[in-house]
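The report below concerns a metal site and a helix pairing, taken in that order. Please read it alongside the sequence and the coordinates.

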Amino acid sequence: MSFIQGYAVHAAGAELLPFKYDPGQLNPYDVEVRISHCGVCHSDAHLIDNDWGISQYPLIPGHEIVGMVSAVGSAVVGLELGTRVGIGWQANSCGRCEWCRKGEENLCASAQPTCVHRHGGFAEAIRVNSRFAIPLPEALESDTAAPLLCAGITVYSPLRSLGINPASRVGIIGLGGLGHLALQFARVFGAEVTAISTSAAKEQEARELGAHHFVNSRESKAIKELAGSFDLIISTITADLDWASFVQTLRPHGSLCFVGAPDKPISVPGFPLISVQRSVCGSNTGSPGRIAEMLDVAARHNVRARIESFRMSDANQALGKLRKGQLRYRAVLGN
Ligand code: NAP
Ligand code: ZN
């Protein structure tokens with residue numbers, strides 16, 4: 001069995017170093033994928049730093065993966081050698097629980113994230129359960145499609161689940177990897193879209209990506225003026241904002257949906273939720289079925305990540321730019 005070469009960190013917050021591991025025998029239900037591209041998600045930085053207390057070292061990050069199927073386990077059906085596939089946050093699930101049976105594998109209590117207690121996509125290859133390797137539509141380029149596998153599905157899912165349509169008004173907080181795709185998908189769903197950002201320099205591009213309006217998230221007066229505006233706000237940031245004011249920006253039945261987890265507990269008063277039936281919720285990536293749908297929508301409606309390309313060997317440089325908030329809008333590593 002040959003080794004898989006990649007880049008791993010050996011301790012919380014450390015630099016990535018070349019690292020190889022023996023993947024062992026190919027599991028009957030797994031495929032091996034030769035990686036061509038892998039996006040750099042902010043969750044990779046959280047995992048490297050052990051922000052969530054779940055990291056195990058050495059750790060090869062990377063869960064926005066595109067590549068070609070290079071080996072197929074004996075029990076795999078529906079995937080062939082040479083098929084171009086994408087792999088996101090999840091590499092396996094139990095396949096038997098209520099949620100797996102409903103096609104909501106991302107909610108499975110035994111879900112296996114791609115780079116938690118397994119090695120991820122900053123590497124030449126990866127193995128995952130074949131149900132989590134999703135064929136890519138031909139119209140998508142591998143590099144600009146890679147970020148769809150985590151950032152894309154994470155913002156597509158709440159738009160889809162919460163019924164966004166041409167009558168809807170949607171606000172997107174934070175224009176990074178997730179947020180710049182959220183603007184595009186919200187526009188595809190037909191919504192009136194407001195970008196809510198700390199970076200005035202992103203206004204022009206936000207409008208090109210689909211925003212009708214642009215608001216500075218730090219200007220409390222501007223946020224207060226948005227009272228009763230939105231059916232859905234998706235927050236992609238980890239900073240703590242005045243969430244009580246953001247709840248007031250929701251229309252009746254509106255939702256404030258967190259996909260980025262704020263550092264501090266989310267503090268909102270109860271009465272504005274009760275009075276016009278607003279909600280505060282969270283959303284976690286998406287199932288393989290939902291990812292396949294999102295990729296098809298992206299292909300047909302021209303949703304593409306705006307990327308900065310790096311060689312896989314320059315992954316530390318890409319992470320450095322991500323941590324400094326200097327990327328427009330996603331780093332993608334290529335082999
Ligand atoms: P990113 O590319 O670094 O973008 C984050 C954005 O947050 C920045 O571009 C910036 O946008 C905004 N921001 C940064 N500092 C801020 C501050 N102090 N106050 C207000 N806004 C600030 O990160 P990402 O890859 O999009 O990921 C965002 C978060 O989502 C991460 O925490 C990640 O772990 C999480 N995530 C969750 C899921 C899920 O399933 N729920 C999936 C993937 C990622 P502006 O310049 O526009 O202000
Ligand atoms: Zn991610």
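Cys150 has a relative accessibility of 4%, and because buried means under 20%, this residue counts as buried in the predicted model. His63, at 0% relative accessibility, likewise counts as buried. Both residues belong to the site of the zinc ion (ligand 2), which is coordinated by Cys41 through SG, His63 through NE2 and Cys150 through SG, at 2.0 to 2.3 Å. Along the sequence the donor residues of this ion follow the spacing C-x21-H-x86-C. The pair His63 and Cys150 links distant parts of the chain, 87 residues apart: His63 is in the loop between α1 (42–48) and β4 (65–72), whereas Cys150 is in the loop between α3 (142–145) and α4 (151–161).

| Residue | Relative accessibility | Class |
|---|---|---|
| His63 | 0% | buried |
| Cys150 | 4% | buried |

The crossing of the two helices α4 and α5 is right-handed.

On the α4 side, the residues that meet α5 are Ala151, Gly152, Thr154, Val155, Tyr156 and Leu159; on the α5 side, their counterparts are Gly177, Leu178, Leu181, Ala182, Phe185 and Ala186. Sorted by class, the contact of α4 with α5 comprises nine nonpolar residues and three polar ones, with no charged residues.

Note on methods
Residues are numbered from 1 along each chain as its sequence is written. Chains are lettered from A and ligands numbered from 1 in the order in which they are written. This is a predicted model: local features need pLDDT of at least 70, side-chain atom pairs count only at pLDDT 80 or more; totals for chains, interfaces and linings use all residues. Side-chain values use heavy atoms; hydrogens and water are left out. Donors are N, O and S atoms within 2.8 Å of the metal (3.2 Å for Na, K and Ca); water is not among the atoms, so sites may look incomplete. Helices (H or I, at least four residues) and strands (E, at least two) are DSSP runs, numbered from the N terminus. Buried means under 20% relative accessible area, exposed over 50%, partly exposed in between (1.4 Å probe, protein chains only). A crossing is left-handed if the near helix is turned anticlockwise from the far one by less than a right angle, and right-handed if clockwise. Contact means heavy atoms within 4.5 Å. Ala, Val, Leu, Ile, Met, Phe, Trp, Tyr, Cys and Pro count as nonpolar, Asp, Glu, Lys and Arg as charged, and the others, Gly among them, as polar.
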